[in-house]
Amino acid sequence: MMEIKTNIWYVTLLLTIVAGYCDTVTFVAADSIFSAHVTGNFIVFAYQIIKGSDIHAWIKLLTFPIFIIAVITGGRIALKATNRYTILFWEGLILLLSGIASYVFGYLENYAEWTMYTVAMTTVFAMGLQNAFGKLYAKETHGPTTMMTGNVTQASLDLGNLLKNGLKDAEVLLSFKKQLVTIIGFLVGCFLGAIAGKFFGLGTLVIPGAAMIICYLYHRKS
């Protein structure tokens, strides 16, 4: 039982770091596209339209149907797979191939915008799979791993209770610790993604891709 609880902490931390990383890498290196928090693209789209941006701003709207298709695909994978972490394997494989594709495009000196958008959209698809995993197997993590608003809200409520009642309530204290893991993990991922995206580009998606595949291999007998 203790091993299972410890595993949930590690999986939660890994997934939040990956989500924060991918979200920031695509935002920094792929025309301000959010890959994990896709509804944020609506805001960027609206902003770019009123600023007089060209047709490329409309590409951001593609993230929404791609995300929906990815979540549906994740549900289908879950129905057929015997291992619940199979969804994370496919997420990792897509991220790994996306990063490799980015390096190949660079090697071929193909810097056309369609290459950047293709890699960004495949990353959106991968994040859709992670969202599906979080919804289908909610007990495998300590909360949503791709969007932090709900986690921050819960952490704030827990903090308020702790300030009022002290550290006596073990259940509230544990809940607060769980939310901190998700929030800090996502923040660390964002910071790493910002550095990777700015200095090394979309090719660095191979890192979270490899991490997801390793996670799957570790849980392949689960």
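Is arginine 84 buried, partly exposed or exposed? With a relative accessibility of 28%, arginine 84 counts as partly exposed. The notes below concern a predicted model.

1. Salt bridge between glutamate 140 and arginine 84. The structure holds 2 salt bridges. One of them pairs glutamate 140 with arginine 84, and the closest N and O atoms are 2.8 Å apart. Glutamate 140 belongs to the loop between helix 5 and helix 6, and arginine 84 to the loop between helix 3 and helix 4, so this pair ties together parts 56 residues apart in sequence. Glutamate 140 has a relative accessibility of 14% and therefore counts as buried, whereas arginine 84, at 28%, is partly exposed.

2. Salt bridge between aspartate 31 and lysine 60. Aspartate 31 forms a salt bridge with lysine 60, with 3.1 Å between the closest N and O atoms. The loop between helix 1 (2-29) and helix 2 contributes aspartate 31, and the loop between helix 2 and helix 3 contributes lysine 60; the pair therefore ties together parts that are 29 residues apart in sequence. Here lysine 60 counts as buried, at 1% relative accessibility, while aspartate 31 is partly exposed, at 26%.

3. Geometry of helix 3. Helix 3 comprises 18 residues (residues 63-80), which at 1.5 Å a residue should span 26 Å; its end C-alpha atoms are 26 Å apart, in agreement with that expectation.

4. Thr63, Phe67, Ala70, Gly74, Ile77 and Ala78 are buried in helix 3. These residues cover an arc of only 95° around the axis, which puts them on the same side of the helix. The face turned away from the buried side of helix 3 carries the exposed residues Arg76, Leu79 and Lys80. The cover over the buried residues of helix 3 includes helix 2 (40-50), helix 4 (86-107) and helix 5 (113-136).

5. Surroundings of threonine 145. Threonine 145 is located in the loop between helix 5 and helix 6 (149-165). Its relative accessible area is 6%, and threonine 145 is therefore buried. The side chain of threonine 145 makes a polar contact with that of glutamine 130, at 3.1 Å. When neighbours within four places in sequence are left aside, threonine 145 is in contact with Thr12, Leu15, Thr16, Ala19, Gln130 and Phe186.

Definitions and conventions:
Residues are numbered from 1 along each chain as its sequence is written. This is a predicted model: local features need pLDDT of at least 70, side-chain atom pairs count only at pLDDT 80 or more; totals for chains, interfaces and linings use all residues. Side-chain values use heavy atoms; hydrogens and water are left out. Helices (H or I, at least four residues) and strands (E, at least two) are DSSP runs, numbered from the N terminus. The expected span of a helix is 1.5 Å times one less than its number of residues. Buried means under 20% relative accessible area, exposed over 50%, partly exposed in between (1.4 Å probe, protein chains only). The arc is that of the directions from the helix axis to the C-beta atoms. Contact means heavy atoms within 4.5 Å. A polar contact is a pair of N or O atoms within 3.5 Å; within protein, one must be able to donate a hydrogen and the other to accept it, and residues adjacent in sequence count only if both atoms are side-chain atoms. A salt bridge is a side-chain nitrogen of Lys or Arg within 4 Å of a carboxyl oxygen of Asp or Glu.
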